[in-house]
Amino acid sequence: MRPPDNGKPPYVARVEKIESDSRNNVKVRVRWYYRPEESLGGRRQFHGAKELFLSDHYDVQSAQTIEGKCIVHSFKNYSKLENVGAEDYFCRFEYKAVTGAFTPDRVAVYCKCEMPYNPDDLMVQCEGCKDWYHPACVDMTIEEAKMLDHFVCFECTEDDAKRSQNGFHSSPVSDSDEKVETKRRKR
């Protein structure tokens, strides 16, 4: 929906109802999505560039303020998209505009930095423990991470070394030629 200031990105809302009055003025009842920077606490490192919060803020607007259509995906479905278009957004939280509370109030964290997953950031998965890591958190560049055939985190490498010293060797690295899985979609 068209913002009052042309320098701002368009507002995003879910149309709940469309109705017209006796003078054929079309109105839409909407439920607003908030961008992270519009919420209490603001944008955080783990918020994706296309992340929105479904709020409990309802409003009635003129249908003439509608500029176009976009798609707000669930977080899970957005993470699976092969190509993200300009009209694609995602939502993983509901937001109470008055109190600033989020539902859910907790999300899974990854990596040794213990941050929630940001679909804009590349992550690599350890073949041993199956945990996900940001390349920078394991002293690697993004370019190095993209070139990996296999990745085993420091903890699994250390555990494997201890098992080897005790006579038990079980490497989490497989003998296959598959590249390590990265957690990122094409843009």
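Lys130 is found in the loop between strand β9 (124-125) and strand β10, where strands (E, at least two residues) and helices (H or I, at least four) are DSSP runs numbered from the N terminus. The phi angle of Lys130 is near 70°, a positive value in a residue other than glycine, and Lys130 is partly exposed, with a relative accessible area of 48%; on this scale buried means under 20%, exposed over 50% and partly exposed in between (1.4 Å probe, protein chains only). The model is predicted, with local features requiring pLDDT of at least 70 and side-chain atom pairs counting only at pLDDT 80 or more, whereas totals for chains, interfaces and linings use all residues. Residues are numbered from 1 along each chain as its sequence is written, and side-chain values use heavy atoms, with hydrogens and water left out.

The protein has three helices and 10 strands, which run β-β-β-β-α-β-β-β-β-β-β-α-α from the N terminus on. Of the 187 residues in the protein, 35% are buried. Among the contacts (heavy atoms within 4.5 Å) with a separation of 6 or more, 54% are made by residues 24 or more positions apart.

The largest nonpolar core has 20 residues, and those with the most contacts inside it are Val124, Cys126, Tyr133, Met140, Phe151 and Cys153; such a core is a set of buried Ala, Val, Leu, Ile, Met, Phe, Trp, Tyr and Cys residues joined through side-chain atoms within 4.5 Å. The elements that give two or more residues to this core are α1 (75-79) and β10 (132-133). At least three residues of this core are drawn from each of domain 1 (1-107) and domain 2 (122-159), the bounds coming from an automatic or database domain assignment. Leaving aside neighbours within four places in sequence, Tyr133 is in contact with Cys111, Lys112, Leu122, Met123, Val124, Cys126, Val138, Phe151, Cys153 and Glu155. A second, separate core of 11 residues includes Met1, Val28, Trp32 and Met115.

Strand β2 (residues 26-34) contains Lys27, which is partly exposed at a relative accessible area of 35%. Beyond four places in sequence, Lys27 is in contact with Lys17, Ile18, Glu19, Val60, Gln61, Ser62 and Ala63. The C-alpha atoms of Lys27 and Gln64 are 8.4 Å apart, although 37 residues separate the two in sequence. Ala63 itself lies in the loop between β3 (51-62) and β4 (71-74) and, not counting residues up to four places away in sequence, touches Val26, Lys27 and Val28.

Most residues other than glycine have a negative phi, and most peptide bonds are trans. Asn24, in the loop between β1 (12-20) and β2, has a positive phi of about 60° although it is not a glycine, and counts as exposed at 62% relative accessibility. A cis peptide bond, with omega about -5°, joins Thr103 and Pro104, and Pro104 lies in the loop between β6 (102-103) and β7 (109-110).
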